[in-house]
Amino acid sequence: MTEFNYHNPVMLNEVLSFVPREKKVTYIDMTLGRAGHSSKILDILKKGSIFYGVDRDEDALDYSRKALKPFEKKFQLNYLHSCFASSVPLLKEMGVKGADFILFDIGVSSPQFDDPKRGFSYRYDAPLDMRMNQEDDLTAEKIINTYSERDLCRVFRDLGECHIYYPVVKKIMRIRDEKPIKTTFELVDIIKQSLPSHELNEKGHPAKQFFLGLRYEVNQEIPQLKTGLEEAIKFLNPKGRLVIISFNSEEDKIVKDLFKKYTRSPVSDKYHPILNEKKPEFIPLTKKPLVPTEEEIAENNRCKPSILRALERK
Ligand SMILES: C[S@@+](CC[C@H](N)C(=O)[O-])C[C@H]1O[C@@H](n2cnc3c(N)ncnc32)[C@H](O)[C@@H]1O
C-alpha cells in the first residue's frame, strides 16, 4: 500500500445532512477512497445497516478495509474492487435488490494525486501512468506514444477542453518518432515549448487541461460517470437518496442533465400532449447545487471546485 493516505472528505456536513438515520439501510459508497465520508456516515447510520464500498483502486480498498474495521460489529461491511459503471450489475448478481443511500464523490483522491509514482500530477516527475486501477491496460504513456494525431486532438480538445492543442500534438508526434515519451516532465516540457507565450501567461499551469484530458481518457471517466450515475439512480429504493459531488462544470453538466431527465415532468401543451409518459419518479433535493462554504475552502483549498447535487426516489 502507498504511504500517501490522507484525504480530507469534501462538503462532509452537506453530505451528512442527506443521510437517512431513522431505519436500517443499504448504503453504497461508489467512490470509497480513504473512507473519509464513509467513516463519518457509518458513525450515524442505524445499527444493522448494510454497507458496500466500491473503488477501482486497490490501494484505496486496502486502506479503507482497515480503517472501517471498528464498524464490523455494528454493520455488515462489503467491498467491491470495481468501477462504478459495473457495480450495480455486480451488486444485482450478489442478490442486492436496491439501495437507500448512494454516494459518488468523483475524481481523483488526494493520495492518488500526491503519490508521484501514480503520474497524475504535472508537478512531480514520474512515469506517465494516471491509472486509477493499476490493473488496467491503458496508461497515459500508451496514449501519448500510440494514439493517432486525430485521437490525441480529441483527447486534448474534447476531454481536456484545451484552447490551443494542435502545436502540442504535432510536437508529440515529432518527438515520439525519435524516442518514446515516458515521463510527466517530458510532456510538460513539450507543452511549454509548443504553446504561444500568450497562452503560457494565462492563469493556471499550462499543462493542467492537457493532464485532465489524458486522465479522463485513461480512466474513461466521462462514460463511467454517465453509466454509473444512471444505473445508480435506477437502483434507488423508494425514499432512497443519491448524492453526487463533482469537480468541474463539465462533470456537473452531465449530472445536471441526468437529474433533469429523471426529475422533470414532461412538458404538456396543445402541441405536446402527455400521452403515455409517466410522471417522474424522482425529486431533486437540491434546487440549486451546493458549493463549499468559505470556512471549508479556507481549511482545504482543494475542495473549492466541488459541486454537490442530490435527488430522492418518491
Ligand atoms: C475523490 S476520491 C473519494 C474520496 C472519499 N470520498 C473519501 O472521503 O475518502 C475518488 C475515489 O473514487 C475512485 N473512483 C473514481 N472513479 C471511479 C470509478 N469510475 N469507479 C470506481 N471508483 C472510482 C478513485 O479511485 C478514488 O479513490
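**Helix packing and domain contact**

The crossing of α9 and α11 is right-handed (the near helix is turned clockwise from the far one by less than a right angle). The model is predicted, with local features needing pLDDT of at least 70 and side-chain atom pairs pLDDT 80 or more, while totals for chains, interfaces and linings use all residues. Residues are numbered from 1 along each chain as its sequence is written, and side-chain values use heavy atoms, without hydrogens and water.

Helices are DSSP runs of H or I with at least four residues, numbered from the N terminus. Helix α9 spans residues 184-194 and helix α11 residues 208-219. Their axes come within 10 Å and cross at roughly 130° (lines fitted to C-alpha atoms over the stretch in contact, with angles from 0 to 180 degrees between N-to-C directions).

Contact means heavy atoms within 4.5 Å. From α9, Thr184, Leu187, Val188 and Ile191 meet Phe210, Phe211 and Leu214 of α11. Six of the residues in this contact are nonpolar, one is polar and none is charged.

An automatic or database assignment gives the domain bounds. Domain 1 covers 12-111 + 222-313, and domain 2 covers 117-219. Their C-alpha centres lie 30 Å apart. Twelve residues of domain 1 are in contact with 13 of domain 2. The area buried between the domains is about 1,100 Å² (accessible area, 1.4 Å probe, lost on being put together and summed over both parts). Carbon and sulfur atoms give 43% of that area. In domain 1, Arg56, Val108 and Glu250 lose the most area to domain 2, together 50% of what that side buries.

Definitions and conventions. Helices (H or I, at least four residues) and strands (E, at least two) are DSSP runs, numbered from the N terminus. Ala, Val, Leu, Ile, Met, Phe, Trp, Tyr, Cys and Pro count as nonpolar, Asp, Glu, Lys and Arg as charged, and the others, Gly among them, as polar. Buried area is the accessible area (1.4 Å probe) that two parts lose on being put together, summed over both.
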